[in-house]
Amino acid sequence: VVKDGPSAGLAILMSLLSAVLNTPISESESFTGEINGNGYVFNIGGTIAKINAAEQSGCTRVYIPYGNYIELSNDAIKQFALDIVPVRHVSEVIDLVFPDKNKYDKVIMLR
């Protein structure tokens with residue numbers, strides 16, 4: 001089965017949470033990764049190109065699937081001047097992006 005476009009799943013989820021929580025996400029953060037119904041973040045294609053695009057657009061941090069991160073060489077990681085944050089589950093991203101999580105626990109049930 002050919003899939004097209006699932007790599008925006010994490011970005012879409014974070015955008016929706018930002019709107020629901022009425023809490024903006026910094027424009028310096030970027031997200032990529034396919035997510036499933038249980039909140040796990042899966043590998044995507046074109047990781048280097050997506051990291052490069054995030055950096056070129058002024059981002060200082062990009063969240064990528066852990067599986068993609070471990071496939072990158074140290075040289076590939078070092079070529080970027082932004083933080084590359086590997087994640088396995090959306091709860092990791094939520095905890096980092098919305099540090100006031102206790103305030104949102106009743107709204108966010110993805111843990």
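Below, the two of us go through the model in questions and answers.

Modeller: Before you start, keep in mind that this is a predicted model: local features need pLDDT of at least 70, side-chain atom pairs count only at pLDDT 80 or more, and totals for chains, interfaces and linings use all residues. Residues are numbered from 1 along each chain as its sequence is written, and side-chain values use heavy atoms, with hydrogens and water left out.

Colleague: Okay, in what order do the elements of the chain run from the N terminus on?

Modeller: Helices (H or I, at least four residues) and strands (E, at least two) are DSSP runs, numbered from the N terminus. The chain has 6 helices and 5 strands. Read from the N terminus, their order is α-β-β-β-α-β-α-α-β-α-α.

Colleague: How much of the chain do buried residues make up?

Modeller: Buried means under 20% relative accessible area, exposed means over 50%, and partly exposed is in between (1.4 Å probe, protein chains only). Out of the 111 residues in the chain, the buried share is 41%.

Colleague: F31 and Y63 keep turning up. What kind of aromatic pair do they form?

Modeller: Rings of Phe, Tyr and Trp (its six-membered ring) pair if their centres lie within 6.5 Å; planes under 30 degrees apart count as stacked, over 60 as edge-to-face and the rest as tilted. The count here is 1 aromatic pair. F31 in strand 1 and Y63 in strand 4 (residues 61-65) are 32 residues apart, and both are buried. Their rings are 5.1 Å centre to centre with 10° between the planes, so by that cut-off the pair is stacked.

Colleague: Next, the charges. Which residues are linked in a network of salt bridges?

Modeller: A salt bridge is a side-chain nitrogen of Lys or Arg within 4 Å of a carboxyl oxygen of Asp or Glu, and the count comes to 2. In one, the closest N and O atoms of E29 and R61 are 3.7 Å apart; in the other, those of D83 and R61 are 3.6 Å apart. R61 takes part in both, so the network is made of E29, R61 and D83.

Colleague: Is E29 buried or exposed?

Modeller: E29 sits in strand 1. Its relative accessible area is 16%, so E29 counts as buried.

Colleague: How far apart in sequence are the parts that D83 and R61 tie together?

Modeller: At 42% relative accessibility D83 is partly exposed, and R61, at 30%, is partly exposed too. D83 lies in strand 5 and R61 in strand 4, so the parts they tie together are separated in sequence by 22 residues.

Colleague: Which ring does the charged end of R88 sit over?

Modeller: A charge sits over a ring if NZ of Lys or CZ of Arg is within 6 Å of the ring centre and within 35 degrees of the ring normal. For R88 the distance to the ring centre is 3.7 Å, and the ring is that of Y66.

Colleague: Last one: what is the phi of N22 near?

Modeller: Most residues other than glycine have a negative phi. N22 is in the loop between helix 1 and strand 1, and at 68% relative accessibility it counts as exposed. Its phi is positive, although the residue isn't glycine, and lies near 55°.
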